[in-house]
Amino acid sequence: MKNVTVNGSAVLFGLVLAAGACSPSRASELTLLGGGSKGYHNLTLAYQASPFWRGQAGASPLELSLEYSVGGVEAPNGQQSNRTLWHVGVAPMLRWWFAPNTGAEFGIGANVFSGTDFGSKRISTAYQFGDSVGVFHRLQGTSWLLGLRYTHYSNADIKRPNPGQDYVQLRISYVFR
């Protein structure tokens with residue numbers, strides 16, 4: 001079988017096409033997430049489609065949408081060849097707007113990483129679940145949203161070792177109107 005390499009531009013192009021195919025309406029949000037923990041760093045570009053479900057929790061609005069992401073993670077040590085991994089993912093994200101411009105979000109999704117050796121860690125499987133929880137605030141009168149998100153990647157013990165990866169991320173989003 002022939003080896004196939006995929007560059008970051010091809011992954012991003014495929015992600016944008018998939019996002020457009022899955023959502024009948026235009027993107028509601030484009031987000032840049034960046035952060036780290038314990039010397040590990042993550043930079044992610046995410047596209048959150050318009051909500052496909054809306055509900056209420058008491059007087060507070062709830063929204064459910066799909067988030068598509070592509071990004072890179074960097075380890076603080078290890079061989080140069082395995083210090084950086086790329087990942088693509090998709091996750092349903094539930095948002096709870098507990099104030100007019102402020103809310104919380106939670107999502108669990110599927111991610112595929114470009115390798116299984118990551119710095120001094122062995123993550124065992126390229127397939128990783130991504131669990132995220134965050135808070136955000138839309139700046140009044142603008143199309144900008146700022147927030148903080150915690151993301152944990154793990155293979156849920158499909159295979160060991162399963163050291164997991166944690167990131168505290170700052171986020172800035174542009175909301176399409």
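Are Glu-105 and Arg-149 buried or exposed in this structure? Both residues are buried, where buried denotes under 20% relative accessible area, exposed over 50%, and partly exposed the range in between (1.4 Å probe, protein chains only). The structure is a predicted model, in which local features need pLDDT of at least 70 and side-chain atom pairs count only at pLDDT 80 or more, while totals for chains, interfaces and linings use all residues. Residues are numbered from 1 along each chain as its sequence is written, and side-chain values use heavy atoms, with hydrogens and water left out.

The protein contains 1 helix and 11 strands, the elements being DSSP runs numbered from the N terminus (helices: H or I, at least four residues; strands: E, at least two). Read from the N terminus, the order of elements is α-β-β-β-β-β-β-β-β-β-β-β. Of the 177 residues in the protein, 40% are buried.

Salt bridges were considered next. Side chains of opposite charge can pair when their charged atoms come close. With a salt bridge defined as a side-chain nitrogen of Lys or Arg within 4 Å of a carboxyl oxygen of Asp or Glu, the count comes to 9. One of these joins Glu-105 to Arg-149, with the closest N and O atoms 3.1 Å apart. Glu-105 belongs to strand E6 (residues 102-113) and Arg-149 to strand E10, so this pair ties together parts that are 44 residues apart in sequence. Glu-105 also forms a salt bridge with Arg-171, at 2.3 Å from N to O. Here the link runs between strand E6 and strand E11, with the two partners 66 residues apart. Arg-171, like Glu-105, is buried.

A further salt bridge, between Asp-157 and Arg-160, has an N to O distance of 3.2 Å. Asp-157 counts as partly exposed because its relative accessibility is 42%, whereas Arg-160 counts as exposed at 63%. Through shared partners, salt bridges join Glu-29, Glu-67, Arg-95, Glu-105, Arg-149 and Arg-171 into one network.

Most residues other than glycine have a negative phi, and most peptide bonds are trans. Asp-157, which is not a glycine, has a positive phi of about 60 degrees and is found in the loop between E10 and E11. Arg-160 and Pro-161 are also placed in the loop between E10 and E11. A cis peptide bond, with omega about 5 degrees, joins Arg-160 and Pro-161. Arg-160 and Arg-122 are 38 residues apart in sequence, and their C-alpha atoms are 8.8 Å apart in space. In the loop between E1 and E2, Lys-38 has a positive phi near 55 degrees. Lys-38 counts as exposed because its relative accessibility is 78%.

Rolling a probe the size of a water molecule over the atoms shows where empty space is left. On a 1 Å grid over the protein atoms alone, a cavity is a set of points where a 1.4 Å probe fits but cannot get out, and a pocket is an open set with protein on both sides within 12 Å along at least five of seven lines; lining residues have an atom within 4 Å of a point. Grid points are joined across faces, edges and corners, and a volume is the space filled by probe spheres set on the points.

The search of the whole structure finds 1 cavity of 30 Å³ or more. The largest cavity has a volume of about 160 Å³. It is lined by 18 residues, of which Glu-67, Ser-69, Asn-111, Ser-132 and Tyr-153 are the closest to its centre. Two or more lining residues come from each of E4, E5, E6, strand E9 (127-138) and E10, and E5 gives the largest share, 5 residues. The lining of the largest cavity divides into 6 nonpolar, 10 polar and 2 charged residues, where Ala, Val, Leu, Ile, Met, Phe, Trp, Tyr, Cys and Pro count as nonpolar, Asp, Glu, Lys and Arg as charged, and the others, Gly among them, as polar.

The second largest pocket holds about 160 Å³ of space. Of its 13 lining residues, Ser-28, Pro-51, Glu-63, Arg-95 and Arg-138 are the closest to its centre. The lining of the second largest pocket comprises 4 nonpolar, 4 polar and 5 charged residues.
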